[in-house]
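Work through the exercises below with the model open beside you. Try each task before reading its solution.

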Amino acid sequence: MQPLPQYVLEGPKWASNTVSWSFEASTYANNAAFGFSNPIGPAYQDTVRQAFTRWASVSGLAFKETPDAASYQQSADIRIGFGKLGTATTGTIGATSYGYTGATLVRDVVVQLEDPSESAIVRTGTGYVYQSYGTTLFQLALHEIGHALGLDHNSDPASVMNPTPGAGDQDLDANDIAAIQALYGAPAGAPTPDPDPGTHADAHPGTHAHP
């Protein structure tokens with residue numbers, strides 16, 4: 001059996017296996033400071049929910065969707081919305097900003113998905129796709145949520161955490177599952193895979209921008 005390609009962890013993780021999240025709401029004046037341009041509309045919301053559900057299905061995590069809040073003290077752990085990332089010139093289609101204390105991620109992690117006003121999203125037989133890039137909304141949400149949970153980029157071309165999205169990494173692979181279980185364990189009743197002996201954690205705060 002060939003070993004899995006090396007997965008990489010950000011370093012910090014959530015202290016609890018129950019993580020709250022919210023769709024950014026346009027009613028709060030501070031949203032521009034977080035890089036949000038527009039809320040994710042109802043047409044796309046179920047796709048984002050499916051991405052959270054997918055990560056929960058392979059890990060010990062439970063996600064709680066909550067209403068958005070104006071203050072840091074009341075906000076969800078992860079806030080997600082559209083951002084004008086200028087994909088046509090920057091090559092960036094998604095970005096995640098986070099902070100941590102010690103080894104623990106702290107609330108108000110911000111996930112931005114490219115605003116469809118800049119890069120059109122079209123509906124296809126398999127879901128929503130950024131028309132100019134072929135990246136699915138589900139794929140992008142999976143990738144950015146992976147960062148928000150503590151996963152970094154890796155070199156596995158089939159991994160959703162590969163930095164360059166393509167046709168071959170539109171869902172989680174064994175590498176992604178091993179990585180998330182290394183942080184949060186397996187779902188109840190599921191065996192935990194053998195650890196990858198080549199795995200290491202890179203601790204570095206900041207923003208991840210993804211082509």
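A residue counts as buried when its relative accessible area is under 20%. Keep in mind that this is a predicted model.

**Exercise 1.** Decide whether F23 is buried or exposed.

Solution. Take the relative accessibility of F23, which is 11%. The cut-off for buried is under 20%. F23 therefore counts as buried.

**Exercise 2.** Classify the ring pair of W21 and F23, then that of W21 and F52.

Solution. Start with W21 and F23. Their ring centres are 4.8 Å apart and their planes stand at 75°. Planes over 60 degrees apart count as edge-to-face, so this pair of W21 and F23 is edge-to-face. Next, W21 and F52 have 4.2 Å from centre to centre and 15° between the planes. Planes under 30 degrees apart count as stacked, and the pair of W21 and F52 is stacked. Now place the two residues: W21 lies in strand β2 and F52 in helix α1, so their pair ties together parts 31 residues apart in sequence. Finally, W21, F23, F52 and F63 form one aromatic cluster.

**Exercise 3.** Find where the buried residues of α1 lie around the helix axis.

Solution. List them: Y44, Q45, T47, V48, A51, F52 and W55. Looking down the axis of α1, these buried residues fall within an arc of 170°, so they line one face of the helix. Then check the other side of α1, where P42 and T53 are exposed.

**Exercise 4.** Describe the surroundings of S59.

Solution. Locate S59 in the loop between α1 and β3. S59 is buried, at 2% relative accessible area. A polar atom of the S59 side chain lies 2.8 Å from the backbone oxygen of W55. Among the residues S59 touches are I180, Q181 and P187.

Definitions and conventions: Residues numbered from 1 in each chain as written. Predicted model: local features only at pLDDT ≥ 70, side-chain atom pairs only at ≥ 80, totals over all residues. Heavy atoms only, no water. Helix = DSSP H or I, 4+ residues; strand = E, 2+ residues; numbered from the N terminus. Buried < 20%, exposed > 50% of the residue type's maximum accessible area, 1.4 Å probe, protein only. Polar contact = N/O pair within 3.5 Å; in protein donor to acceptor, adjacent residues only side chain to side chain. Contact = heavy atoms within 4.5 Å. Arc of directions from axis to C-beta. Phe/Tyr/Trp six-rings, centres within 6.5 Å; stacked < 30°, edge-to-face > 60°. Lists of a residue's contacts leave out its neighbours within four places in sequence.
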